[in-house]
Amino acid sequence: MPLNVPIVENILSANDRLAEENHSRIEAAGVFSINLMASPGAGKTSLIEKTLPRLTDKFRVAVVDGDIATSLDADRAAAAGAQASIQINTGGECHLDAVMLHGALNQLDLKQFDLLIVENVGNLVCPADFRLGTHKSVLIASIPEGDDKPYKYPGMYRGVDALVINKIDLLPYIPFKMDFFQRGVEALNQGVITFPVSCSTGEGLDAWIDWLIQNIKR
Ligand code: MG
Ligand code: ZN
């Protein structure tokens, strides 16, 4: 049976209302916040692990981690220096929604933090439809996923404010046509700020960290 469109629209508008409320709370506390999205294995947690040690001497960072099960990623964020890390187990849901983030925000004294990183569930489809109330949406693509992902997941690529391209150290070994990939991105999201990085070698991470710091200070 096809999905009932009015019901889906009601769910999304209820989500958007709560996302607005989340946004007001985050904004009132003076915290910069990002919604980090990617397919499974693209390197969300690895990027968090590489990012936190370069921020936590000057800034206080909270990480909210969405996963279908386990608290492994929240544990890794805590080990990397997050001053708070909260795990949301979605109970099978393949995305975070504003209600889940709302529950996590209730566990944080937001005024204590400068940066809030929300690690969404690994999935390139529905996380794009559920606003959480963060300031920026960040997508991590990775070289082993292939260069056709903007063409296959336009909804995700269209909606993001920044794009990290991870695992660029693997470019010599994988037939990934960067021109083709970037043409696809440009067609959907012209001029989106892009950070080619390798979480393994550290290449490219400076520009990503600078972007975060500029936004934290704004
Ligand atoms: Mg992860
Ligand atoms: Zn989902």
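Trainee: Leaving aside its neighbours within four places in sequence, which residues is Ile117 in contact with?

Mentor: Contact means heavy atoms within 4.5 Å, and by that reading Ile117 touches Ile34, Leu36, Ile48, Leu52, Val61, Ala62, Val63 and Val64, once the neighbours within four places in sequence are set aside. Please keep in mind that this is a predicted model, in which local features need pLDDT of at least 70 and side-chain atom pairs count only at pLDDT 80 or more, while totals for chains, interfaces and linings use all residues. Residues are numbered from 1 along each chain as written, chains are lettered from A and ligands numbered from 1 in written order, and side-chain values use heavy atoms, without hydrogens and water.

Trainee: How many residues has the largest nonpolar core, and which of them have the most contacts inside it?

Mentor: A nonpolar core is a set of buried Ala, Val, Leu, Ile, Met, Phe, Trp, Tyr and Cys residues joined through side-chain atoms within 4.5 Å, where buried means under 20% relative accessible area, exposed over 50% and partly exposed in between (1.4 Å probe, protein chains only). Here the largest one holds 30 residues, and Ile117 and Trp208 have the most contacts inside it. At least two residues of this core come from each of strand S1 (32–38), H2, strand S2 (61–67), S4, S5, strand S6 (162–166) and H8, with H8 giving the largest share, 6 residues. A second, separate core has 19 residues, among them Val31, Ala84, Ile86 and Leu132. The element names are DSSP runs numbered from the N terminus, helices (H or I) having at least four residues and strands (E) at least two.

Trainee: At what angle do H2 and helix H8 pack?

Mentor: Axes are lines fitted to C-alpha atoms, for helices over the stretch in contact, and angles run from 0 to 180 degrees between N-to-C directions. H2 packs against helix H8 (residues 205–217) at about 80 degrees, and the two axes are 11 Å apart. The pair is therefore roughly perpendicular, a term for 65 to 115 degrees, where under 35 is roughly parallel, over 145 roughly antiparallel and the rest oblique. On the H2 side the residues are Leu47, Lys50 and Thr51, which meet Leu205, Trp208, Ile209 and Leu212 of H8.

Trainee: Staying with helix H8, is Ile216 buried or exposed?

Mentor: Ile216, which lies in helix H8, counts as buried because its relative accessibility is 11%. Apart from neighbours within four places in sequence, Ile216 is in contact with Phe32, Phe59, Asp114 and Leu115.

Trainee: What coordinates the zinc ion (ligand 2)?

Mentor: Cys94 (SG), His95 (ND1) and Cys126 (SG) coordinate the zinc ion (ligand 2), at 2.0 to 2.2 Å. His95 sits in the loop between strand S3 (84–89) and helix H4 (98–105), and Cys126 in the loop between S4 and strand S5 (136–142), so that distant parts of the chain, 31 residues apart, are linked. His95 is buried, with a relative accessible area of 7%, and Cys126 also counts as buried, at 16%.

Trainee: How many residues of H4 are buried?

Mentor: H4 is mostly covered, with 6 of its 8 residues buried, namely Ala98, Met100, Leu101, His102, Ala104 and Leu105. What covers these buried residues includes helix H1 (5–28), S2, S3 and S4.

Trainee: Where is the place of Ile143?

Mentor: Ile143 is in the loop between S5 and helix H5 (149–152), and its relative accessibility of 0% makes it count as buried. Setting aside neighbours within four places in sequence, the contacts of Ile143 include Ile165, Asn166, Lys167 and Ile168.

Trainee: What is the phi of Lys167?

Mentor: Phi of Lys167 is near 65 degrees, a positive value in a residue other than glycine. Lys167 lies in the loop between S6 and helix H7 (178–188), and is partly exposed, with a relative accessible area of 23%. Thr70, likewise not a glycine, has a positive phi of about 75 degrees, and lies in the loop between S2 and helix H3 (72–79).

How values were computed: Donors are N, O and S atoms within 2.8 Å of the metal (3.2 Å for Na, K and Ca); water is not among the atoms, so sites may look incomplete.
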